[in-house]
Amino acid sequence: MIQTINHDQLKRCLLLLWMADIPACIVGTVGTGKTTAVEELVNSIKEKMDPSFHLWKVFLGLVDATDIGGIPHKAEDGKVDYMAPRCMPFGTEESGIIFGDEYDRAAPDVQNAFNQILLGREIHNNIISKNAYVVLAMNGESDSYTTPLSKAARNRVCTLFLSTEATDSEKQWDDWARTNGVNDTIRGFAKYRSDLIKEETEYQELALITPRSRDMAGKILDNIEKVDTI
């Protein structure tokens, strides 16, 4: 059975993976707060560590491959070169998070292009900032017409399964709703008729046991004491 986590646990896991420099892949149904968790992590890092920390959002289900790899053009020497897009930190040392949203709704050629960023930080000789961290988000089996991660991609990320059924999720949402002024009737409905909004998705394990994944696990353990989590 897949181990799911709640929203607060997701934020702590993202912070830990960022410290360990291991790309994350968030899997969860629509509306569970995947994007919000990434935005809150960026804001937290900006406030506490680095005011210049960026968030580059790339909605992979809405772009084509040239939006990732750049538009080809003829260079001065007559050879074909590629103009790096502005949607990501090519050729800089800027720090921040590249958020590849809707990864599993992207066309295969878009996934292949973004995988070059995920796997090697480079595409068409355009190099991503060494201080940029990659996070993917996808709906997985909870959505239709999706393309699963390749084994190469699966073996380069730590997969986090976000669920409204995880322990304390209902309390966390109610605390958030109270703080953000959500209507009391809606809060009451969510609390007392939660049986009507149950999540029934069964996810499949994506992790692979390889020498690389063991190395990634070691990096996580090396950094875990820096984060307030279990």
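**View 1. Helix α4 bends at Phe 114.** The bend is about 25°, taken as the angle between axes fitted to the seven residues ending there and the seven starting there. This is a predicted model, in which local features need pLDDT of at least 70, side-chain atom pairs count only at pLDDT 80 or more, and totals for chains, interfaces and linings use all residues. Residues are numbered from 1 along each chain as its sequence is written, and side-chain values use heavy atoms, leaving out hydrogens and water. Helices (H or I, at least four residues) and strands (E, at least two) are DSSP runs, numbered from the N terminus.

**View 2. The buried residues of α4.** Look for Val 110, Gln 111, Ala 113, Phe 114, Asn 115, Ile 117 and Leu 118; buried means under 20% relative accessible area, exposed over 50%, and partly exposed in between (1.4 Å probe, protein chains only). Their cover includes α3, β6, β7, β9 and α5.

**View 3. Arg 121 pairs with Asp 21.** Just after α4, Arg 121 takes a positive phi of about 60°. Its salt bridge (a side-chain nitrogen of Lys or Arg within 4 Å of a carboxyl oxygen of Asp or Glu) to Asp 21 has its closest N and O atoms 3.4 Å apart. Asp 21 sits in the loop between α1 and β2 and Arg 121 in the loop between α4 and β7, so the pair ties together parts 100 residues apart in sequence.

View 4. Asp 184 is exposed at 57%, whereas Arg 187 is buried at 18%.

Terms used. Contact means heavy atoms within 4.5 Å.
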